Structure formats: C-alpha cells, structure tokens
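Please look through the sequence and the structure shown here before reading on.

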Amino acid sequence: MTLTTGAGYEIVIGLEIHVQLRTQSKMFCACPTTFGAPPNTQTCPVCLGLPGSLPVLNARAVELGLRTAAALECRVHERSRFHRKNYYYPDLPKNYQITQYEYKIHRPLASDGGLEVPGNGEGPRRIHIRRVHLEEDTARLVHGERGAGPGYSLIDFNRAGVPLMEIVTEPDLRSPADARVFLSRLRAVLQAIDVSTGRMEEGSLRCDANVSLRSPGGALGTRTEVKNMNSLRSVERALAYEGARQRAVLERGEAVVQETRHWDERRAVTFASRSKEEAQDYRYFPEPDLVPVVVSEPGLAQIRAALPELPEARRRRYVEAYGLSAHDAALVTSSQTMATFFEEAVRRHPHPRTVSNWLVGDVAGYLNMEGKELEDTPLTPVHLAELLDLVDGGTISGRTAKEILPEMLRSGRMPRELAEGGGLGQISDADTLVAVIDEVLASHPGPAAEYQAGKRAVLTFLVGQIMKRTRGRANPEVATRLLRERLDA
Ligand SMILES: [Zn+2]
C-alpha cells in the first residue's frame, strides 16, 4: 500500500487487555494471591516451576472467565484447552507460560463478543471482542540502581501463576480517546461482575495496544505494539503520541517498522524495545498435564442468569429513573465504586441530580487533580449526604459546602463537624447577625443615613459589608431582613 504525503490518515487501534482474576489461589496451585504480600512468600514447587510438579486448574478462575464471556456476549466454546507458550525469560522459571492458543480445532475459552462505546455524533458503536482466554501471570522483576556501579534485578515469584485473563479486541477503535473510553467501560463491566479489582496502578488491569495508520477505509498499515501504559490517561497519551510518530514516519516517505514499543510516562514518548515475535517463535503445543476445559450448557446458563446489572443497563436506568443526563450517567457509572457510592448517597439524600452534580463536578474535579480514585479517599456516601442536607437546611451555603468538600476528601472528617469547628457554618442566628449589623451601621453612618433618606440602593452595599465581616457566612436573606428592620426602626 502506498500512502501519499499529505493524505489524511486514520488511526486504527486494537487492544489486548490482561486482567488478574479475583481468586483466592493461583491458576494451577493453591498459593494465595494477596496483593502486596512480602516478596516470595506465596510460592510452591508448581509456581516456581520445579521439575516434577504438576498443575491443577483453578475452577474458580474458569468460572470468572465464563462470567466475563457472558457479560461481553461472547460465544463460549464447549471445549477449550491449554497450551505451552515457550520462551526463555527470567520471570518465567518453567521456560514456558501456560496459556490458551487458537489454531485449527483448538479454541480459546470464548470468542466473538462485543461492548458498546458512544459513537462520535452517531449512535453507540460496538467494539468487537475477538477472544477471551485464560493463562497464568509471570513473576515480577524489580530493577534497581546501585550508585555508580552496575544495576541489579530482583525477582518476586508471588505473581508467578496468578490467574490471568486476556481479552483481545478487533482493531475497531478509531482514536486514542475511543480506546480510553472503551477501556474505562470494560473496566466498569469487570468490576460490576466482580472478576477483577480493575486497578491499573496495581497491575491487576494491564493494557497493550496495536496501532497502525491507513488511508480512511483503506487496507491496514504496518502496526506497532505499545506496552507499559499504566493508567487510562497514559493509554490515551501513549496512543496519541504513537499515532503522531507513525504519521511523521509516513510523511517522510519511510515505512513503519513492526515492533514492540514501550511507553515512557515521564518523557511522554514511546521507544522501540524489541522486534515483535511471530506465533511460530513460541513453539506452542498442547499442555500435556492438563485436561481440556469442558463447559456444559446448563452450567453456562446458570452463570448467565446470575449476572448482576451491567453498567450499560445501569446507565439507561439512571437516565430514565433519576433524570440524569446521558453524560452524567456515563460518568457516574464509569466505575463500580462510583455507582455504588451514588446509589447509597441517593438513598440518604433523595435528590439524585444534586448528588450526581456533586459527584461529576467537585468530587471528580478533586480526584482528577489529585490523580486518585474515589476508593483512595475516605469519603463515604454518608459524608456527601450530610453535606447536601446541611445545604438544603440552610446551615451552610453552597459556597461553603464547596470549601468544606476537599477537607472531607482529604481527612474523612464529617461536614457538620467541619462546618461548626472550622467556623464555616452559615450564620442564620438573629442575635449574632444583629451584633454584626450594628457594627456595620456604626462604621458606615453615611450610607445608613442615605438609606433612611430614601436611597434604597445602598442596602446592597450594607449587606455586602455584613458578608465581608462574616467572611461570607451570613445567611444573606436573614441578614437583609434584619438589616432592613434595624434601619426602618
Ligand atoms: Zn504455588
């Protein structure tokens, strides 16, 4: 294919997502999978790859894989099997990874599914899922530096053998923003069906992308694989960078090289790391120590029937039942934590649109700024509901509420306590206000006299002075009424 300089290019993106499954034990042994445990404390002969040890398949991992396949509307294969993917690497003591390979009669756990993303202007678009398969995670390498001397690498086998699910999309995504939205929606599904924590920063959800450019609607160009994107934001940034890089290569009249590229978050560039292996390099063959996975139709029907409400259905319900805008409903359902938080807050403060406004406005703004997720903060639905009750009851103003919120998100202190202790409560108490009014009138005798002479407009000035003295905490309606009474007396 030839692309002429100056031609418009279209970016074509497919994603490969690795998901650590929420199981108690590893994929092929009974070792625990607790995240953050001291290095090399969760190991045994099987996950260390010692000779003579035999794998035993984790039934729970298969169930979680099937639950995912059902939620993504995939075709589940009655019979699938595991293969050995052979390669030599320090994080892989067996020198092969047990995974599911697809060729001839051999199928992955499931294939041909899909998930909708909002269209750009048109209706929603379905991103096709090519396959869902199961495999085991590798050990984790930790690279360090030692002063001026050579660096070192440490290895933690706790992660070796942790159940992993790989989800591969067709190259249906057409922009870096598209990829981000898809990944965010997929994560919300995985959280809703409780198969993964979806925490990208802990590596329980990892995303690689295949990226190429082509003339709109033309044949696919040469692709690169981008790795090491550790947040939704870095997925979007890395893909935008890689698209621009390939465009520059093509516009120079050169060819894009098929290779693996790593995203460097700090320098905001992708760099070539190794040439891409072909499937034949891995010498796949069926794993002789494991029997095939056989899925029965009744078992699958049971899993389908037990699926909880999925984010897509929840989004529609929030629009229809709560009157949220499509935009707000999408944000509130963007993670399981946010949706659960929203519903609980609405139970306590039954004004869904107010609750959602605060969540997608001030709360989301704070989280974005701090680079945190809602679950990283001590804020609970009880906090938010109490804050909104205080505003509704006139105890604090909306402005004060906005001032209190960041402190609630930081420290988890209750809004009532902050409003009282922090001196941020709205002042509606007549005695307090009258004292302030008298001070204002005493220090501004001129305007007071003008008012009494009939110049009613100075009232605004005097109310402004009251607000100033109370640092915005005076209830303006009560203050105005009392001021008028005082002047008319
Ligand atoms: Zn083990």
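Predicted model: local features only at pLDDT ≥ 70, side-chain atom pairs only at ≥ 80, totals over all residues.

For comparison, the ideal angle at a metal with four tetrahedral donors is 109.5 degrees.

How many disulfides does the count come to? With a disulfide taken as a pair of cysteine sulfur atoms within 2.5 Å, the count comes to zero. Cys-207, for instance, is in no disulfide, since the nearest cysteine sulfur belongs to Cys-74 and is 17 Å away. Cys-207 has a relative accessibility of 1%, so this residue counts as buried.

## Two residues with positive phi

Asp-194 is not a glycine, and yet its phi is positive, at about 60 degrees. This residue is placed in the loop that runs between helix 2 (176-192) and strand 11 (205-214). With a relative accessibility of 37%, Asp-194 counts as partly exposed.

Asn-228 also has a positive phi, near 70 degrees, in a residue other than glycine. Its setting is strand 12, which covers residues 224-229, and its relative accessible area of 37% makes Asn-228 partly exposed.

## A pair of helices

Two packed helices are described by the angle between their axes and by the distance between those axes. For helix 12 (residues 430-443) and helix 14 (residues 458-469), the axes come within 10 Å of each other and cross at roughly 120 degrees. Because angles of 65 to 115 degrees count as roughly perpendicular and those over 145 as roughly antiparallel, helix 12 and helix 14 are described as oblique to each other. The crossing of helix 12 and helix 14 is right-handed.

## Sequence distance and distance in space

Arg-67 is part of helix 1, which spans residues 59-71, and with a relative accessible area of 16% Arg-67 is buried. How far apart in space are Arg-67 and Val-195, C-alpha to C-alpha? Although 128 residues separate Arg-67 and Val-195 in sequence, their C-alpha atoms are 7.9 Å apart in space.

A second pair involves Gln-465, a residue of helix 14, which is buried, with a relative accessible area of 16%. Gln-465 and Ser-53 are 412 residues apart in sequence, and in space they are 81 Å apart, again from C-alpha to C-alpha. Helix 14, where Gln-465 lies, is also the helix whose axis crosses that of helix 12 at roughly 120 degrees.

Definitions and conventions
Residues numbered from 1 in each chain as written. Heavy atoms only, no water. Buried < 20%, exposed > 50% of the residue type's maximum accessible area, 1.4 Å probe, protein only. Helix = DSSP H or I, 4+ residues; strand = E, 2+ residues; numbered from the N terminus. Axes fitted to C-alpha atoms, helices over the stretch in contact; angles between N-to-C directions. Parallel < 35°, antiparallel > 145°, perpendicular 65-115°, else oblique. Left-handed = near helix turned anticlockwise from the far one by under 90°.
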